[in-house]
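This report goes through selected local and packing features of one protein chain. The sequence and the model are shown first.

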Amino acid sequence: FRSSLYFVKPPLSQSHSSQVMLHSLDEDAHGNYGTSLLHFTQFCDSQKISEVDCMPTSASLLSAFTSAHAGTVSDKTISNWLAGLHFWHTINHPKWNANDMHHHIHCGVSKMVPPSSKCSKCPPITLEALIILGKGLDNSSYFDSAIWATTCITFWSCSCLGELIIPSPNLFSPQKHISCSILPLSNCFLTNEDLTHFCSFHIPWTKTTRELGTDISITSQPHIIYPFITLHTHITINSGLPSSAPLFSFKLLNRPWQALMKPKFMRHCKQIWVKAGFPSMPGHTFCIGGATELLLQGVSPDVVTQQGHWNSQAFLKYWHSIKS
């Protein structure tokens, strides 16, 4: 993405500004925007459009590029491509020439999305699925204890997996991912009859609060799927990790430790679920399942909003299996 970003080599001062602008993008956006430039240049090549006519992109070229994908991709995909092109113009300083005609073409494309590109609602992960997963994991295993702690915390805090674990080894950032530097955790008691244990910790980034992050609080309950016990089991079994390591890292026999990564996490969970007859489920169903379960238990939507650190009650679309 970086190598294809500049239309011409910018002056030194402009180059510094461009590097600062790049920091406004998440790693995922780098990949998405890079893909948008690839598709745009491929379209221009197929239409034999000269390089000099690509930048700045005229309103008619934008409209032609957008309409060429009508009925073939989702509206989210074309929106991402256009956002990448817009950023390309912003960082190179020419005018962005989208006009009313292009606006209406974009709206038309969104209504012509093929059924194959429309995503159906994902089923939430249920308590039954969580229990099956817990029984399929070995709590004495370094790896499995990290998975089980991540699972329970993600579910009950209505968090996204990407807010707790990293996507790949090279993408860990202390500004975005929680690390072992929060340890040791301070345990407190709720002022109720049972003096319930709880602890809180701060995660530095979420999809809704961005760099402000949020605090996650977990309580101790007499059930195998509650996160207080699973987190402390993980911390005990995988003790001695460096403070710079991601929190949900685990020990290895042949080297000191390894960070738990989302692809490996999901692969292990799916293996257990499929073996037990459950469908293979995507990662964001943990967030959906946690919100749904709290609502089923009668928790106020306002409380669920706070628990899932949402800015609105848009999560109510996740209220699966609840019939009026």
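In which loop does Lys-48 lie? Lys-48 is found in the loop between H2 and H3. The model is a predicted one.

## Backbone features in the loops

Lys-48 is not a glycine, yet its phi is positive, at about 55 degrees. Its relative accessibility is 77%, so Lys-48 counts as exposed. The loop between helix H2 (27-46) and H3 also holds Pro-56. The peptide bond leading from Met-55 to Pro-56 is cis, and its omega is near -5 degrees.

His-93 also has a positive phi, of about 80 degrees, although it is not a glycine. This residue lies in the loop between helix H4 (75-92) and helix H5 (100-111). With a relative accessible area of 52%, His-93 is exposed. Another cis peptide bond runs from Leu-183 to Pro-184, with omega near 0 degrees. Pro-184 is located in the loop between H7 and strand E1 (188-189).

## Nonpolar cores

The largest nonpolar core has 50 residues. Ile-125, Phe-201, Phe-248, Leu-260, Phe-265 and Trp-273 are the residues with the most contacts inside it. At least two residues of this core come from each of helix H6 (127-136), helix H7 (142-156), strand E2 (197-203), strand E3 (214-219), helix H8 (227-237), helix H9 (262-275) and helix H10 (285-296). H7 gives the most to this core, supplying nine residues.

Neighbours within four places in sequence aside, Phe-201 is in contact with Ile-153, Ile-178, Ile-182, Leu-185, Thr-214, Asp-215, Ile-216, Ile-218 and Leu-231.

Thr-66 is part of helix H3 (residues 59-67). Because its relative accessibility is 0%, where buried means under 20%, Thr-66 counts as buried. Leaving out neighbours within four places in sequence, the contacts of Thr-66 are Ile-78, Leu-82, His-102, Ile-105, His-106 and Val-109.

## Packing of H7 against H8

How are H7 and H8 packed, in angle and in the distance between their axes? The angle is about 150 degrees, and the axes are 8 Å apart. H7 is therefore roughly antiparallel to H8, as angles over 145 degrees count as such. The crossing of the two helices H7 and H8 is left-handed.

On the H7 side, the contact is made by Tyr-142, Ser-145, Ala-146, Trp-148, Ala-149, Cys-152, Ile-153 and Trp-156. These residues meet Pro-227, Thr-230, Leu-231, His-234 and Ile-237 in H8. By type, the residues of the H7 contact with H8 comprise ten nonpolar, three polar and no charged. Ile-153 and Leu-231, both part of this contact, are also in contact with Phe-201.

## Packing of H7 against H9

H7 also packs with H9, at an angle of about 90 degrees and with axes 11 Å apart. H7 is therefore roughly perpendicular to H9, since angles of 65 to 115 degrees fall in that class.

Here Phe-143, Asp-144, Ile-147, Thr-150 and Thr-151 in H7 meet Lys-264, Phe-265, His-268 and Cys-269 in H9. The residues of the H7 contact with H9 divide into four nonpolar, three polar and two charged. Phe-265, one of the H9 residues in this contact, is also one of those with the most contacts inside the largest core.

How values were computed: Residues numbered from 1 in each chain as written. Predicted model: local features only at pLDDT ≥ 70, side-chain atom pairs only at ≥ 80, totals over all residues. Heavy atoms only, no water. Core = buried A, V, L, I, M, F, W, Y, C linked by side-chain atoms within 4.5 Å. Buried < 20%, exposed > 50% of the residue type's maximum accessible area, 1.4 Å probe, protein only. Helix = DSSP H or I, 4+ residues; strand = E, 2+ residues; numbered from the N terminus. Contact = heavy atoms within 4.5 Å. Axes fitted to C-alpha atoms, helices over the stretch in contact; angles between N-to-C directions. Parallel < 35°, antiparallel > 145°, perpendicular 65-115°, else oblique. Left-handed = near helix turned anticlockwise from the far one by under 90°. Nonpolar A, V, L, I, M, F, W, Y, C, P; charged D, E, K, R; others polar.
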